[in-house]
Amino acid sequence: MISIRRRIAVGLAAATLGALALGVQAQPATKKELVLGATAGSNGDQLKWGIVPLLEKKGYKVRIVEFNDYVQPNLALAQGSLDANLFQHRVYLQKFAAEHKLDLAEIVQAPIAPLGVYSTKRKTLADIREGDRFAIPNDPSNLARALLLLEQNRLITLKPGIDPLRATQNDVAGNPRKIRFQPLEAAQLPRALGDVEFAVITGNFAISSGLKLTEAVVLEKTPDHYLNVVAVKSADKDTPWARDLVQAFRSPEFKAVVDSRFPGYAKPAFLQ
């Protein structure tokens, strides 16, 4: 009786292991459905025109989700609603992930429309009058970026020794024209143009609102750490699909799309 029971137990165990093995074998070799997030406008367009076609050629089914703010794309990525996103630079990703305790990682850099100063009331920075209002981004990394752009154009001076990547309005040491700052959410800056003399607008939201880079009063010379990055969950950064995504961004086909459709964009070295 005992031996029969043992034989039955062994048989059941073998059958279970066999079923598990078949189940493992039945799983796809790699993930083939991807959900990519991007802010509306040029970032989403880069994915649609330059990346999705390349991934589809490799057998992927890709869906793009567009956002109109700089908060939800990373939260959606961390929660698993997205597989990757394209909307932010390295400084913002690192700061946001640290503040929200998110385990996110950069896998490749991408082009970005330069930050610019725009105006419908003044033609050049030389036309600034005392007390003119400047709308600027209110998220910390782009606020610092905007202040640095203004300092580079000799409109303000920042306190010596501060970290320029973390500068705030409290770090403005000199403001000879008594510029008045109005911090707003980045997506709202184009709409503020009619209410202020100048607005410092991130490139993606400038373009998505109908502004052209050539219409800017001045554009930044974008440093490497302000290029866009593709972000994923850290656990996914070495997956086959993540490697395919990196390969797509580094491809000659994507470079051709950037060169033809996104003139004037700051680009990583491998797309120069």
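**Exercise 1. Find where Asn43 sits, and decide whether Asn43 is buried or exposed.**

Step 1. Asn43 is found in helix α2; helices here are DSSP runs of H or I with at least four residues, strands are E runs of at least two, and both are numbered from the N terminus. A word on the model before we go on: it is predicted, so local features need pLDDT of at least 70 and side-chain atom pairs count only at pLDDT 80 or more, while totals for chains, interfaces and linings use all residues. Residues are numbered from 1 along each chain as its sequence is written, and side-chain values use heavy atoms, leaving out hydrogens and water.

Step 2. Asn43 has 3% relative accessibility, so Asn43 counts as buried (buried is under 20% relative accessible area, exposed over 50%, partly exposed in between, with a 1.4 Å probe and protein chains only).

Step 3. Now look around Asn43. Setting aside neighbours within four places in sequence, Asn43 is in contact with Ala38, Leu86, Phe87, Asn204 and Asn228 (contact means heavy atoms within 4.5 Å).

**Exercise 2. Describe how helix α2 packs against helix α8.**

Step 1. Two packed helices are described by the angle and the distance between their axes.

Step 2. The axes of α2 (residues 42-57) and α8 (residues 252-261) come within 9 Å and cross at roughly 160 degrees. Axes are lines fitted to C-alpha atoms, for helices over the stretch in contact, and angles run from 0 to 180 degrees between N-to-C directions.

Step 3. That angle makes α2 roughly antiparallel to α8 (over 145 degrees is roughly antiparallel, under 35 roughly parallel, 65 to 115 roughly perpendicular, the rest oblique).

Step 4. Which residues meet? From α2 come Gln46, Trp49, Gly50, Ile51 and Leu54, and they meet Glu253, Phe254, Val257 and Arg261 in α8.

**Exercise 3. Work out the strand order of the open sheet, and name its edge strands.**

Step 1. The open sheet has five strands with mixed pairing, in the order β9-β6-β10-β5-β11 (two strands pair if DSSP finds at least two bridges between them).

Step 2. β9 (180-184) and β11 (218-219) are the edge strands, as each pairs on one side only.

Step 3. Zoom in on one pair: β5 (residues 116-118) and β11 pair in the antiparallel sense over two bridges, and Val117 stands opposite Val218 in β11.

**Exercise 4. Locate Trp241, and find its contacts.**

Step 1. Trp241 is found in helix α7 (residues 240-249), and at 4% relative accessibility it counts as buried.

Step 2. Beyond four places in sequence, the contacts of Trp241 include Thr30, Leu34 and Tyr60.
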